[in-house]
Amino acid sequence: MYQRIDGNNWRHIWIMGDLHGCHQRLMRALRDCRFNPYQDLLISVGDIIDRGPESLPCLRLLNRRWFKAVRGNHEQMAIDSLEAGDMSLWTLNGGVWFTQLPADAQQEARALLRACDALPWIIELHCESGKHVIAHADYPAREYKWQKAVEREAVLWRRERLNALLAGKGEAITGADHFWFGHTPLEQRIDTGNLHYIDTGAVFSGNLTLARVQ
C-alpha cells in the first residue's frame, strides 16, 4: 500500500495533478519547466487515464524511469472492470476510450492497466523540502504514520476533508511536512496549512498543475 522514495536520487522533483489522458499537455508543461528525464522525477497524484484523448500514451508513462504515481479512483475502476468483465461503470466515467481502441492497442492497454494493480496507494517522499505524502483523494487519519492501516476506499474517493476546508472548518494532518492530493477538480490549487490540493482540471480547463518540491 505504501512506497518510499528517496529524493536524493534526483535533481528536481515535481508533483503533478490529475492528468486524465492529457499527454500532449503534460509534454508541453515538462518542456516549459525544462524537465530532464535523466535527472528529474515526476510524481502523479493518480487519475492519469480517462476523459482526455490520450489515455494510452499516459499509461505508457508507467514504463518511464522518471515517472511514479499513486493509483487514482479511475485506475481502480479500470482494474475492477477488467477483473469483473463489466465495463459499464468505467465507461460511464470516462473509460469509453478503451473500447474504441483497435485490438492490438487494446491488448497493450489491458496489460498496462493490469500493471496499475501494483501501484501504491500512498507515496512517502523524502527530499530537500521535507517529508511529503502523496495520495489520490485523502489520507483518512489525523496523523500520518508509515504503513498505518487506513481505509483504502477513502484514500481514493474521500472529499469530506476538502469540503470542510472550503467551509473553513478543516484540520491539518500531522506526521509529515506536506500532503498532496488530487481527485477534486478546482479552478486553482488550494494550499492550506500542510495540505495541498492540485487537481486543477487539466482535462476541463487545460490547467495542469506541476508543483516543484526539490
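Author: The protein chain has eight helices and 10 strands, where helices (H or I, at least four residues) and strands (E, at least two) are DSSP runs, numbered from the N terminus. This is a predicted model, in which local features need pLDDT of at least 70 and side-chain atom pairs count only at pLDDT 80 or more, while totals for chains, interfaces and linings use all residues. Residues are numbered from 1 along each chain as its sequence is written, and side-chain values use heavy atoms, with hydrogens and water left out.

First, the chain as a whole. The C-alpha trace spans about 45 × 35 × 35 Å along its principal axes. Of the 214 residues, 54% are buried. Buried means under 20% relative accessible area, exposed over 50%, and partly exposed in between (1.4 Å probe, protein chains only). A contact means heavy atoms within 4.5 Å. Among contacts between residues at least 6 apart in sequence, 69% join residues at least 24 apart.

Now the cysteines. A disulfide is a covalent bond between the sulfur atoms of two cysteines. Here it is counted as a pair of cysteine sulfur atoms within 2.5 Å, and by this rule the count is zero. Cys 33 is in no disulfide, and the nearest cysteine sulfur, that of Cys 127, is 15 Å away. Seen from Cys 127, the closest cysteine sulfur is the one in Cys 33, and 15 Å is too far for a bond.

Ser 81 lies in helix α3, which covers residues 73–84. With a relative accessibility of 5%, Ser 81 counts as buried. Leaving aside residues up to four places away in sequence, Ser 81 touches Asp 86, Met 87 and Trp 90. Gln 39 is 42 residues from Ser 81 along the chain, and the C-alpha atoms of Ser 81 and Gln 39 are separated by 36 Å.
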